[in-house]
Amino acid sequence: MLKISTQMPEHNVVLSMFGVGDITAAQLIAEIGDVRRFNNRGALVAFAGVDPSTFQSGKYANKSGKSTKRGSAHLRKTLFQVVGAYLKRSPADEAVFLFLDRKRAEGKHFYVYMTASANKFLRIYYARVKAFMESLGHNN
């Protein structure tokens, strides 16, 4: 798996992200595949199952429910490992850690801020990898 992931064009971009090592890079690339198959970052977040569920009934609309968990359980586990690295090292200059720390300071539950941070990391992943692929001329 490691050998194959190093041959993917986005490998170095993924590896350069904070909290991602050789193994987690391979896991992310294997689980997500080509990011261009997702129409937008929300589709990737939904695929991972780290998006909040919505509930509507009449005029009532709850938009901050539990995470859907409808996607890849392996991808969610990998994302939690990456976010765990943010917790262990506390990099003050990383956007994901600043977001995670803010949610923790608000008194959010552990799984709430971990899932929200995984969502944030995945949105950044989507933007960086898609921009890199487009810069290579690999458009859909």
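## The nonpolar core

In this predicted model, the largest nonpolar core has 32 residues. Within that set, Leu28, Ile32, Leu79, Phe121 and Tyr125 touch the most other members. H7 hands over the largest share, with 9 residues.

Let's zoom in on Ile32. Setting aside its neighbours within four places in sequence, which residues is Ile32 in contact with? They are Arg37, Phe38, Leu44, Leu75, Leu122 and Tyr125. Tyr125 is also one of the core members that touch the most others.

## Where H4 meets H7

Now for a pair of helices. H4 and H7 pack with their axes 9 Å apart, at an angle of about 135 degrees, so H4 counts as oblique to H7. Their crossing is right-handed.

Who actually meets whom? On the H4 side you'll find Arg41, Leu44, Val45 and Ala48, and on the H7 side Asn119, Leu122, Arg123, Tyr125 and Tyr126. Sorted by class, this contact has 6 nonpolar, 2 charged and 1 polar residues.

## A closer look at Asn119

Asn119 sits in helix H7. Is Asn119 buried or exposed? Its relative accessibility is 13%, and buried means under 20%, so Asn119 counts as buried.

If you skip its neighbours within four places in sequence, Asn119 is in contact with Val45, Val50, Asp51 and Pro52. Val45 belongs to H4, and it's part of the meeting between H4 and H7 described above.

How values were computed
Residues are numbered from 1 along each chain as its sequence is written. This is a predicted model: local features need pLDDT of at least 70, side-chain atom pairs count only at pLDDT 80 or more; totals for chains, interfaces and linings use all residues. Side-chain values use heavy atoms; hydrogens and water are left out. A nonpolar core is a set of buried Ala, Val, Leu, Ile, Met, Phe, Trp, Tyr and Cys residues joined through side-chain atoms within 4.5 Å. Buried means under 20% relative accessible area, exposed over 50%, partly exposed in between (1.4 Å probe, protein chains only). Helices (H or I, at least four residues) and strands (E, at least two) are DSSP runs, numbered from the N terminus. Contact means heavy atoms within 4.5 Å. Axes are lines fitted to C-alpha atoms, for helices over the stretch in contact, and angles run from 0 to 180 degrees between N-to-C directions. Angles under 35 degrees count as roughly parallel, over 145 as roughly antiparallel, 65 to 115 as roughly perpendicular and the rest as oblique. A crossing is left-handed if the near helix is turned anticlockwise from the far one by less than a right angle, and right-handed if clockwise. Ala, Val, Leu, Ile, Met, Phe, Trp, Tyr, Cys and Pro count as nonpolar, Asp, Glu, Lys and Arg as charged, and the others, Gly among them, as polar.
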